[in-house]
Amino acid sequence: MVATPIPSLDLVPDVLAGRPRAIARLISRIEAGPEGCRAALAEVYRHTGKAHVVGITGVPGSGKSTLVRALALAARAAEHKVGIVAVDPSSPFTGGSILGDRIRMLDLTGDPNIFIRSMATRGALGGLARASLDAVDVLDAAGYDLVLIETVGVGQDEVDVVRAAHTTVVVSAPGLGDDIQAIKAGILEIADIHVVSKSDRPDANKTIAELKLMLMLAAPSTTSDAWQVPVLATSAAQREGIGELLAMLVRHRAMLQTSGEWDRRRQRIAETRILKTAEDIIRSRFNRQRHQEVGRLVGHVTDRELDPYTAALALLTQLEGDSSDG
Ligand SMILES: Nc1nc2c(ncn2[C@@H]2O[C@H](COP(=O)(O)OP(=O)(O)OP(=O)(O)O)[C@@H](O)[C@H]2O)c(=O)[nH]1
Ligand SMILES: [Mg+2]
């Protein structure tokens, strides 16, 4: 007999009490797939909505992980409980720094008021956005009042994840090429706060000037009456600008709340959550279905008895009929 694992729902009281082991376990189950923990997640969700969720994005190597770590330490010193969800890119092109991230983040562990989790994909397509945002829920419900999500600013899924935050920070860095990388990545306009990291480097001033110029040119879409998107210079290496960034996050949250934008963002986030979860359910149903149904259709399409379009519709019709679980 194999020992039966604790049902996910039974982990929830310990999660709500902020016990790191239970939090880590529940997040591992979320990563493995939502099937076994839907009741637990529903219960967790009822206890969310208290944390300030901050998305931190930027191109690979822009200094996000280092910044997140410095920011977490500063927030910790200011009596915050800080949760960190680092979204490991599933793309084989950007997977190289994962180990480095884990090493750099090591010195934060052991502090019960900082919880760090790197989300890994299961090698399956998609699902990372859903799992990451579910993990944010767990940390929120567990009492982490500041939750930082690090994602690389490449790929729709990653961008959707940071947009499911109350405040979005876009990190640019000197020394990564001539252009402002955020423009190329298409993430310039999602920023509530711009950070130019590695300000200890001599070429940082050029990056700051270029970014400010770009923002001026783009002014109508990037500023509102209530909020002028600031450009902050930080150096995680020299511990400079980190306190200012933390203060700016607090200011942004206050602005959201006084302007009414907070509620609009919460609605936008709720919408993203529904859509990402639905996508995930459809994708996993589809993948299951594929194995059962697609083999039969492959034969017909190979033999030219069916065209791919008709076969695809047949597959989808079959999928719709199988909507009892997921
Ligand atoms: N000079 C200087 N270098 C920094 C600073 N912060 C980060 N770096 C360096 O920049 C490189 C990338 O830093 P990371 O924090 O891993 O960047 P990242 O954006 O998380 O990278 P990915 O996760 O791969 O996208 C590392 O070699 C860091 O040592 C800083 O404040 N000053
Ligand atoms: Mg990183």
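Student: Which residues of α7 meet which ones in α12?
Tutor: In this predicted model, Asp157, Asp160 and Arg163 of α7 meet Arg268, Ile269, Thr272 and Lys276 of α12, where contact means heavy atoms within 4.5 Å. By class, that contact holds one nonpolar, one polar and five charged residues, with Asp, Glu, Lys and Arg counted as charged, Ala, Val, Leu, Ile, Met, Phe, Trp, Tyr, Cys and Pro as nonpolar, and the others, Gly among them, as polar.

Student: And at what angle do α7 and α12 pack?
Tutor: Helix α7, residues 156-163, and helix α12, residues 261-302, pack at about 145° with their axes 10 Å apart; axes are lines fitted to C-alpha atoms over the stretch in contact, and angles run from 0 to 180 degrees between N-to-C directions. Helices (H or I, at least four residues) and strands (E, at least two) are DSSP runs numbered from the N terminus.

Student: Is tryptophan 262 buried or exposed?
Tutor: Tryptophan 262, which lies in helix α12, counts as buried because its relative accessibility is 8%, and buried means under 20% relative accessible area (1.4 Å probe, protein chains only).

Student: What is tryptophan 262 in contact with, beyond its neighbours within four places in sequence?
Tutor: Tryptophan 262 is then in contact with His166, Arg253, Leu256 and Gln257.

Student: New topic: which way do the residues of β6 point?
Tutor: In strand β6, residues 193-196, Ile193 and Val195 point one way while His194 and Val196 point the other, and all are buried.

Student: How many bridges join β6 to β7?
Tutor: Three bridges join β6 to strand β7, residues 231-233, and the two run parallel; valine 195 has leucine 232 in β7 as its bridge partner.

Technical notes:
Residues are numbered from 1 along each chain as its sequence is written. Chains are lettered from A and ligands numbered from 1 in the order in which they are written. This is a predicted model: local features need pLDDT of at least 70, side-chain atom pairs count only at pLDDT 80 or more; totals for chains, interfaces and linings use all residues. Side-chain values use heavy atoms; hydrogens and water are left out. Buried means under 20% relative accessible area, exposed over 50%, partly exposed in between (1.4 Å probe, protein chains only). Two strands pair if DSSP finds at least two bridges between them.
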